[in-house]
Amino acid sequence: MDIDVKSLTPAGQGNYQKVMQGTPVFQHLEKLTQDPMKYNTELLLQIIQDNKDTEFGRKHGFAKIHTVEDFQRSVPISKYDDYADEIWRMTEEGETDLICSYPIHHYNKSSGTMGNPKRLPMSDKAIEISNRYLLGYPHGLLGQKLGLDWIDGRSISLTESAASVNTLKCGATYGAVSVKTVLEFRPYLQMMFTSPDEATFPQPDTNTRYLHARFGMMDKNATNVGASFFSFYLELLRYIEHNWEMLVHDIETGTIDASVKMSSEVRESLEKKLTPMPQRAAELREIFSQGFDEPFVPKVWPKLRYIMGVGTGGFKVYADKIRDSYTGPSIKQLKMGLTASEGLFSLPFDLDCDDGVLVPDSVFYEFLPLDAGDDFSKIVTLDQVEEGKDYEIIITNCSGFYRYRMRDAVRVTGKHNQTPTIQFLYRIDQNVSIMGEKTTEVALRAAAENTAKELDFELIDFSMYPDLDASPVRYLYFMEIGKKPADLKPKEIRYVLEKNLAIANPSMGDKVKKGICGATKLNFLEPETYMLYRDLMLAKGVASGQLKPVRVISNEMQRKFFFGLTEYGVELVK
């Protein structure tokens, strides 16, 4: 497809440039996946060579390591606490060459941590790898799979950056690297995104959902959606469905409804950017007046081609709901792979794909079978993993972590070319075991989602609290429910949930049957509870890209929040 670049909008020119820069990155990864162990080994040996004169490298004999086997014999399995003293010396006293020889100018703040967050070093080399793949590769893939007919349009970006980036004593920045990146691109965002600056960098108590929806709906020619997680976009679509009349009226008149929360300063700033759009409002009113039995997204945005964000693992239910109820199959989903503060692990190799392919030149991979416990003799490399088997990922990265236990459980699903593909399963540390039953997040999710499917109600979201004060101890589920059959009774939901939990984890079902654990209690949450929780966390400074679903209520703040928004509960009905 021939493109007259000069005739494109600023967004089109930006998208075209991203595709041109991303295409070689896409081709590069395709090459690596043909012989992944070769390139993964080369990466490891380069890291070892470059870091042989660090304090860690001298201690573990890096100068004598020449093979993967040498490395595994010389370096023990590690966790964050093994590096805590060195990281303190690096950040507070400015020491270098302790665990990493590469320059480090940023430390990631660990997500979801209350009290004493970790400082995870991210070297300049690691940032370069991350930027190359996360900023370049997706557009290279899109160019290959979709062509270029989508490029001349802005993105409905749901990025929000209320979190701060601070400076440590050593002079390095500290916070979410995604926030740092967004701040660096702030002057150019309005050319690329529909949302105004007031939504991307919101003041406290600003209804950003209204702003993303309102400004997104104004742009009929938007071609894509970008969200950290698919759950954010689903929230926005539900908001539009329930508030379309107000949104359309405001677009028609060029006003902001008085009920929309924001400061007078923000309101005044936004009103200067608005003009009446009666023609667009008439189009929207006609679309929404037809009801919501059919997906409305292709009608509102006829040029929309794809949605990009995290839509696998625990977010797959949101991705499926978006496709089934709001977009239909014509709008593609680009589901980003497994990424963490410690490194980038996998990337999608196609659209509408739940699997991610390992990136051989990002980190060095080892895999511990989940059924091996802490028997590290059973660790394998990427060329030895078995399809269908579940593993814990262990990584060596370019930021000073060696044979580091990520505590992420993944399943090997197959291969792309010669490289394993994986799906994220759950965080191992978030397993629940109140009486030795070891219930995973996958089991908790399956019980809730299968209950909703069986009884035909809309599950907005759910959480679980291990109720250790009950006698006997028990699980306490929280559910926010949307549409449901008129004759569906709460006690029926609780009964089917208990049944499905026993199927998802037979050990738990057996313990309930024997009276070792109590029957599950089900609490129903007030409408928009999970929206409110998200807004609260963003206001507290959590970066939107680090805000994960609360599957297991694990701290006092979460406990008070969800109990405080409980409408009523259902106990065992005899």
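**Close-up views of a predicted model**

**View 1. Arginine 427 and aspartate 408 form a salt bridge.** Their side chains meet with N and O 2.8 Å apart; a salt bridge here is a side-chain nitrogen of Lys or Arg within 4 Å of a carboxyl oxygen of Asp or Glu. The pair links distant parts of the chain. Arginine 427 sits in strand S16 (residues 419–427) and aspartate 408 in strand S15 (residues 404–416), 19 residues apart. Strands (E, at least two residues) and helices (H or I, at least four) are DSSP runs, numbered from the N terminus. Aspartate 408 is buried, at 5% relative accessible area. Arginine 427 is partly exposed, at 29%. Buried means under 20% relative accessible area, exposed over 50%, and partly exposed in between (1.4 Å probe, protein chains only).

This is a predicted model, in which local features need pLDDT of at least 70 and side-chain atom pairs count only at pLDDT 80 or more, while totals for chains, interfaces and linings use all residues. Residues are numbered from 1 along each chain as its sequence is written, and side-chain values use heavy atoms, with hydrogens and water left out.

View 2. Leucine 338 is buried, with a relative accessible area of 11%. Histidine 242 is elsewhere: its C-alpha atom is separated by 33 Å from that of leucine 338, and the two residues are 96 apart along the chain.

**View 3. Arginine 132 forms a salt bridge with aspartate 361.** The closest N and O atoms are 3.3 Å apart. Arginine 132 belongs to helix H6 (residues 124–146), and aspartate 361 to the loop between strand S12 (356–358) and strand S13 (364–369), so the bridge ties together parts 229 residues apart in sequence. Aspartate 361 is buried, at 15% relative accessible area. Arginine 132 counts as partly exposed, at 24%.

**View 4. Further salt bridges include a pair and a network.** The side chains of aspartate 510 and lysine 514 meet at 3.2 Å, N to O. Lysine 514 is exposed, at 59% relative accessibility, whereas aspartate 510 is partly exposed, at 32%. A network of salt bridges links Glu160, Arg209, Glu235, Arg534 and Asp535. The structure holds 45 salt bridges.

**View 5. The largest nonpolar core has 72 residues.** Such a core is a set of buried Ala, Val, Leu, Ile, Met, Phe, Trp, Tyr and Cys residues joined through side-chain atoms within 4.5 Å. Tyr133, Tyr137, Phe367 and Ile393 touch the most other members. Beyond residues up to four places away in sequence, tyrosine 137 touches Gly22, Val25, Phe26, Leu29, Arg132, Leu347, Pro348 and Phe349. Another core lies apart, with 63 residues, among them Ala199, Tyr210, Ala319 and Leu476.

**View 6. Strands S17 and S18 run antiparallel.** Eight bridges join S17 to S18 (residues 474–481); two strands pair if DSSP finds at least two bridges between them. A hairpin of six residues connects them. Aspartate 461 stands opposite glutamate 480 in S18. Nine of the nine residues of S17 (residues 459–467) are buried, so this strand is largely enclosed by the rest of the structure.

Note on methods: Contact = heavy atoms within 4.5 Å.
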